[in-house]
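Student: I'd like to go through this model before I set anything up. Can you take me through it?

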Amino acid sequence: MNDDTVRAEVRAWLAANWNAEQGLVEWRTKLAGSGWGVPSWPSRWYGRDLPEGFVPVVEEEFARVGAIGVAKTGIRMLAAATILAHGTDMQREKFLLRILTGEDTWCQLFSEPGSGSDVAGAVTRAEFRGNQWVVNGQKVWTTSAHKADWGLLLARTDWDQPKHRGLSYFVIDMKQPGVAVHPLRQMNGYASFNQVFLTDAVVPPEMIVSTVGDGWTVTNTTLMHERRGADGLRGWARGSDLVGRIHDEERAEVAVALEPYRWYPQRAGRVDLVMPRAIESGAIHDPVVRQEVAKLLIMAKSAEWTARRARTAKEQGKPQGPEGSLGKLAASNIARAAARVHTQIAGASALLAGADGLGAGVVAEVLLSVPATSIAGGTDEIQRNIIAERVLKMPREASEDTKRPFREVPRNTIG
Ligand SMILES: Cc1cc2nc3c(=O)[nH]c(=O)nc-3n(C[C@H](O)[C@H](O)[C@H](O)COP(=O)(O)OP(=O)(O)OC[C@H]3O[C@@H](n4cnc5c(N)ncnc54)[C@H](O)[C@@H]3O)c2cc1C
């Protein structure tokens, strides 16, 4: 198997199967069955066991004919990666296909009012009563919870174990009476994340992912995939302008199910708009602005190379290195620098929001959205801690709360 044989095979399959007048779910079901939607996944689970290195070849062939891929955006790919790694066959049967077709929407219920960076400090409790888990507690900043069918839930199941060992990981049905979702309005005007109140919410026993007490390991799998994906956020939530029933349905999907991610390109800083804006406004002739534009483009280019190195390592089957955290940190620095350069170019008019604002308000939206990049998926400080400890091998921060039973750890939250 080489690039040419993979290319020929996927090209022949697309020629026989792709057309833009079929339904989106119908097409994605067919695609999942063929293995070409996620070729690096196991062949038993909708893939073709192909090394990651062939994925770009497959994607090129899809792009060449304008074919739509499986539903890859949103939290659903984090759910898929986690269930593939730690789930049971029953869970894989139930969830993976509907993730790929885009029929189910997911959210991630990790952060709580008292535990964001310190996610292992979660105090939402799950107790086994009768024949099911009963969950009580509060989650917050839960992106897409108001759209979600299913949630990835981290909850405490044993208070007598040390912090990291008393946690378990569940898939919870979001559409049940015990789950109340309240959207939060952000400073950029969107309401993409929520508070989630869990009051005697129930989870059947077969919906635990891995074993009781193994929640921290499973959580790390989800977070590793989230950080690794951080450099891909710019492409989220964009429909194509191609013609055909399937493209109409994809645009509807983007407008509804993926609406919470509409501002994600702005949160990454819109580096792509900097040079055109500098030329159009004449600011490119200002030597100070030129310097800043150059610095930004250099940062963006070197981050792209780091991401490519990470991809190549993955393609060669090497384990995940520090690139996830390095890439996440770079994305924050780039977003902040881009917001600064946009402002230098635009001056005070960068502050005008809404349709009358610069670029239909995009520049103002960039300014109000980039702070999210250095918080979501683990803050900059947490990435620096990870890099210090795992890459630079510096001694771990002294910690008082990881050895004794969690019940005895002083906290500022009730649980
Ligand atoms: C756009 C967006 C989407 C999000 N989506 C989700 C989601 O879908 N699901 C979900 O569960 N969560 C989500 N979050 C929450 C996010 O994971 C948390 O906000 C983040 O982990 C930080 O937690 P916190 O807000 O509680 O801040 P805190 O943990 O209270 O941190 C406050 C400050 O203290 C610093 N700090 C904390 N601990 C340390 C330390 N050990 N060393 C050095 N500095 C430290 C932090 O860096 C930060 O500057 C989202 C957040 C954003 C912004």
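This is a predicted model: local features need pLDDT of at least 70, side-chain atom pairs count only at pLDDT 80 or more; totals for chains, interfaces and linings use all residues.

Student: Which of the 20 residues around the ligand come nearest?

Tutor: S111, S117, W141, T379 and E381 come nearest of the 20.

Student: How does the shell split by class?

Tutor: Eight residues are nonpolar, nine polar and three charged. Here Ala, Val, Leu, Ile, Met, Phe, Trp, Tyr, Cys and Pro count as nonpolar, Asp, Glu, Lys and Arg as charged, and the others, Gly among them, as polar.

Student: What is 3.0 Å from a nitrogen atom of the ligand?

Tutor: A polar backbone atom of W141. A polar side-chain atom of N385 lies 3.1 Å from a ligand nitrogen atom, and a backbone N or O atom of F110 is 3.0 Å from a ligand oxygen atom. The cut-off for a polar contact is a pair of N or O atoms within 3.5 Å. The ligand taken alone exposes 980 Å², and the protein buries 69% of that; accessible areas come from the Shrake-Rupley method with a 1.4 Å probe.

Student: Which helix gives the largest share of the shell?

Tutor: Helix α13 (residues 380–391), with three residues. Helices are DSSP runs of H or I, at least four residues, and strands are runs of E, at least two, numbered from the N terminus.

Student: Switching topic: how is the chain divided into domains?

Tutor: Into domain 1 (3–88 + 233–256), domain 2 (100–230) and domain 3 (260–378). The bounds come from an automatic or database domain assignment. The shell around the ligand draws at least three residues from each of domain 2 and domain 3.

Student: How many residues of domain 2 are in contact with domain 3?

Tutor: 14, and they meet 16 residues of domain 3; contact means heavy atoms within 4.5 Å. The two domain centres, taken over C-alpha atoms, are 30 Å apart.

Student: And V58, buried or exposed?

Tutor: V58 is buried, because its relative accessible area is 3%. Buried means under 20%, exposed over 50%, and partly exposed in between (1.4 Å probe, protein chains only). V58 lies in helix α3 (residues 55–65).

Student: What does V58 touch?

Tutor: V6, V10, W36 and P39, not counting residues up to four places away in sequence.

How values were computed:
Residues are numbered from 1 along each chain as its sequence is written. Side-chain values use heavy atoms; hydrogens and water are left out. A residue is near a molecule or strand if one of its heavy atoms lies within 4 Å of it. A polar contact is a pair of N or O atoms within 3.5 Å; within protein, one must be able to donate a hydrogen and the other to accept it, and residues adjacent in sequence count only if both atoms are side-chain atoms.
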